[in-house]
Amino acid sequence: MNYLASFPNTRLRRLRQSYPIRNLVRETNLSVNDLIWPVFIIDGKNEKQPIPSMPGTFRYSIDTLLQELNEAIDLGINAIALFPNIDPSLKDENGLEAINQNTLVVRAVEIIKNHFPELVVICDIALDPYTTHGHDGILNDRGEVDNDKTIEILCRQAILLAEAGCDIVAPSDMMDGRIGTIRESLDYNGFLNTVILSYAAKYASSFYSAFRDAVGSGKNLGKSTKETYQMDPANSKEALREVALDIQEGADIVMVKPAVHYLDIIKSISDNFPIPVFAYHVSSEYALLKLASAHGLINYDNAIFETLISIKRAGAKSIFTYAAKEVAYLLKSY
């Protein structure tokens with residue numbers, strides 16, 4: 001039977017026949033405005049340390065990062081997220097270096113905003129880069145993360161970074177009630193316009209190991225897990241509860257992390273809440289593409305585009321991706 005003979009006017013391939021026509025009818029588009037570049041920073045000068053577990057990614061000293069940012073801004077990248085790798089001697093059980101007025105991230109924010117005042121700077125609010133145990137909060141006598149004591153120091157960290165000039169604070173710790181307390185603290189201290197990007201649906205994922213290497217928390221964490229505060233990968237409805245609470249507490253934007261393995265969560269949140277949803281294309285999701293490309297299994301440029309488009313298609317407004325500069329170059333060449 002000739003199927004098309006029964007429906008002579010139905011030929012969906014008409015709209016696929018050329019690149020310009022495909023562009024005209026494309027439902028989802030990726031632009032440089034969708035890209036947020038996460039960068040790892042270290043102390044020192046003229047430093048650009050490769051991160052073996054994340055091919056093509058580096059830890060930068062502040063002066064070297066400024067040079068990289070010139071290039072990134074020329075490519076049209078509007079936002080970065082800072083993650084520190086500090087000297088192990090500065091770490092302690094309570095992560096007090098996070099509220100040191102001269103800590104690495106504070107200095108980086110001040111210098112970056114002085115050179116690039118229009119660049120949006122996002123700062124992580126969590127203690128894992130600063131603790132000797134690698135957890136995102138303060139441990140009690142039973143070795144459990146103490147929710148309320150952790151929130152106290154997170155509020156101080158958020159205020160310190162807002163004072164330095166950070167545009168967006170991004171609590172990634174997954175403590176209960178921290179968004180409302182941080183919002184109250186920021187407002188009380190005069191930072192009414194500081195945006196809160198809440199990691200509302202952050203899962204206890206297997207895809208963070210490369211990131212933990214990059215910030216130097218992996219060895220400290222050891223075989224311990226974060227399952228008592230990060231979400232169970234088997235749960236989806238729970239993510240809606242997390243988002244609803246964070247919106248009620250004052251979040252301006254919510255994050256889903258990881259992105260690729262949680263596209264259903266991105267879509268569900270996007271469909272159910274009138275709030276911008278960001279997604280984090282995490283370290284090991286990125287590294288897997290790099291490694292597959294190195295073994296000739298995929299075309300990296302095509303694969304990274306397909307990956308980011310899938311995240312946008314699911315409903316993400318913007319994407320944290322280590323490939324931001326690479327993708328910006330590719331977009332510029334099209």
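User: Is His115 buried, partly exposed or exposed, judging by its relative accessibility?

Analyst: Please keep in mind that this is a predicted model. Buried means under 20% relative accessible area and exposed means over 50%, with partly exposed in between. His115, which is found in helix H4 (residues 104–115), has 45% relative accessibility and therefore counts as partly exposed.

User: Which class does Lys290 fall into by its relative accessibility, and which residues beyond its neighbours within four places in sequence is Lys290 in contact with?

Analyst: Lys290, whose place is in helix H11 (residues 283–294), has 17% relative accessibility, so Lys290 counts as buried. Leaving aside the neighbours within four places in sequence, Lys290 is in contact with Pro55, Tyr300 and Glu326.

User: How are the axes of helix H10 and helix H12 arranged, and at roughly what angle do they cross?

Analyst: Angles under 35 degrees count as roughly parallel. The axes of H10 (residues 263–272) and H12 (residues 300–314) come within 8 Å and cross at roughly 30°, which means that H10 is roughly parallel to H12. On the H10 side the contact is made by Leu263, Ile266, Lys267 and Ser270, and on the H12 side by Ser310, Ile311 and Ala314.

User: Which residues make the nonpolar surface patch of about 310 Å²?

Analyst: Patches are made of residues with over 30% relative accessible area. The patch here is made by Leu15, Leu24 and Val25; of these, Val25 lies in helix H2 (residues 19–25) and is partly exposed, with a relative accessible area of 40%.

Definitions and conventions:
Residues numbered from 1 in each chain as written. Predicted model: local features only at pLDDT ≥ 70, side-chain atom pairs only at ≥ 80, totals over all residues. Heavy atoms only, no water. Patch = residues over 30% accessible without salt bridge, like charges linked within 9 Å, V, L, I, M, F, W, Y side chains within 5 Å. Areas by Shrake-Rupley, 256 points an atom, 1.4 Å probe, with all protein chains shown as cover. Salt bridge = Lys/Arg side-chain N within 4 Å of Asp/Glu carboxyl O. Helix = DSSP H or I, 4+ residues; strand = E, 2+ residues; numbered from the N terminus. Buried < 20%, exposed > 50% of the residue type's maximum accessible area, 1.4 Å probe, protein only. Axes fitted to C-alpha atoms, helices over the stretch in contact; angles between N-to-C directions. Parallel < 35°, antiparallel > 145°, perpendicular 65-115°, else oblique. Contact = heavy atoms within 4.5 Å.
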